[in-house]
Amino acid sequence: MFRQYRSLTLATLLVFLMAAVFGCTTGEKEAGQGTVKEKFNGEIIGIEPGAGIMKATEKAIKEYSLDYTLKDSSSAAMVAALKSAIESKKWIVVTGWTPHWMFARWDLKYLEDPKGVYGGEEHIATIARKGLQKDAPAAYQMLDAFYWQPSDMEAVMLDINVNKMDPDEAAQKWIRENEDKVKKWIPEGVPKGNLKKIKLGYVEWDSEIASTHVVKHVLMKLGYDVELKAVDAGVMWTGIGAGHFDAIVAAWLPHTHGDYYKQVKDKVDNLGPNLEGAKIGLVVPDYVTINSIEDLNK
Ligand code: PBE
């Protein structure tokens, strides 16, 4: 009986000792003494697989020889992961872009990209199918004139994502509050044409939800019915090339969607930039103490 007790006590002591030792190691890591890769859990949190930024990140992993896994997810899941990491002050690296409301919501920074894998500054272009000009001249002119600032797009994104407005409501609110800008996009004395319904393709990226809904409501002001079709990036591009969509306002050029664009460029009308000063890259919270993609290897 007594012997049994003694061995039990010894075993308990051993368990306590082990817990103390291991607990200590974990505690140290949480206090921030792991390697950079360990702090990021060896993961880059990505978005939808077809996005240009995902291809660019695969390339960055190769060019910087990063021992990291790029996780597919969705734009919404990426933001949710970012939010929860920030709430517990954990390190996280995500595929991010500008314009995006997340920069207004949290203190974030781009990791420097000395090899230029993400391609620097770019623009978002409007692309129309061939024949739209003839079928719906007023819509075509409006799409051609559509041009706004990153701050405009961000205002709509903030209403949708932070103020939890419905995209249609947020778009209509922005239009109401920016009559002077919208007026410049509305053609005068241009016939509507035979096409009554305009079909816009887009991907459910926060930036493109904002722009596509604004354009939808301006086209409705011109008297068109408008149908929005949310698809993958690949389908958006083959769709505009094949004329399944009348237009897209979500073409990130020259870099992010450069490969997609190359495949359809002779079959579409490029109506030029609708926004300048866009950018993609790897984004971390400000409290993360590294500054460059090269530091991810440390
Ligand atoms: N994005 C937003 C897209 C373009 C718009 C940066 C996530 C992409 O990477 O394809």
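**Note on the salt bridges**

1. R129 is buried, at 11% relative accessible area (buried means under 20%, exposed over 50%, partly exposed in between, with a 1.4 Å probe and protein chains only). This is a predicted model, in which local features need pLDDT of at least 70 and side-chain atom pairs count only at pLDDT 80 or more, while totals for chains, interfaces and linings use all residues. Residues are numbered from 1 along each chain as its sequence is written, and side-chain values use heavy atoms, with hydrogens and water left out.

2. A salt bridge is a side-chain nitrogen of Lys or Arg within 4 Å of a carboxyl oxygen of Asp or Glu. By this rule there are 13 salt bridges.

3. R129 pairs with D135 in one of them, with the closest N and O atoms 3.0 Å apart. D135 is partly exposed, at 23% relative accessibility.

4. A salt bridge also joins R129 to D246, at 2.7 Å from N to O. R129 belongs to strand β5 (residues 122–129) and D246 to the loop between α12 (233–242) and β8 (247–253), so the pair ties together parts that are 117 residues apart in sequence. Helices (H or I, at least four residues) and strands (E, at least two) are DSSP runs, numbered from the N terminus. Both D246 and R129 are buried.

5. K197 and E227 form a salt bridge with their closest N and O atoms 3.5 Å apart. Because K197 is in strand β6 (residues 197–202) and E227 in strand β7 (residues 225–230), this pair ties together parts that are 30 residues apart in sequence. K197 is partly exposed at 43% relative accessibility, and E227 is partly exposed at 26%.

6. Through salt bridges that share partners, R129, K134, D135 and D246 are joined into one network.
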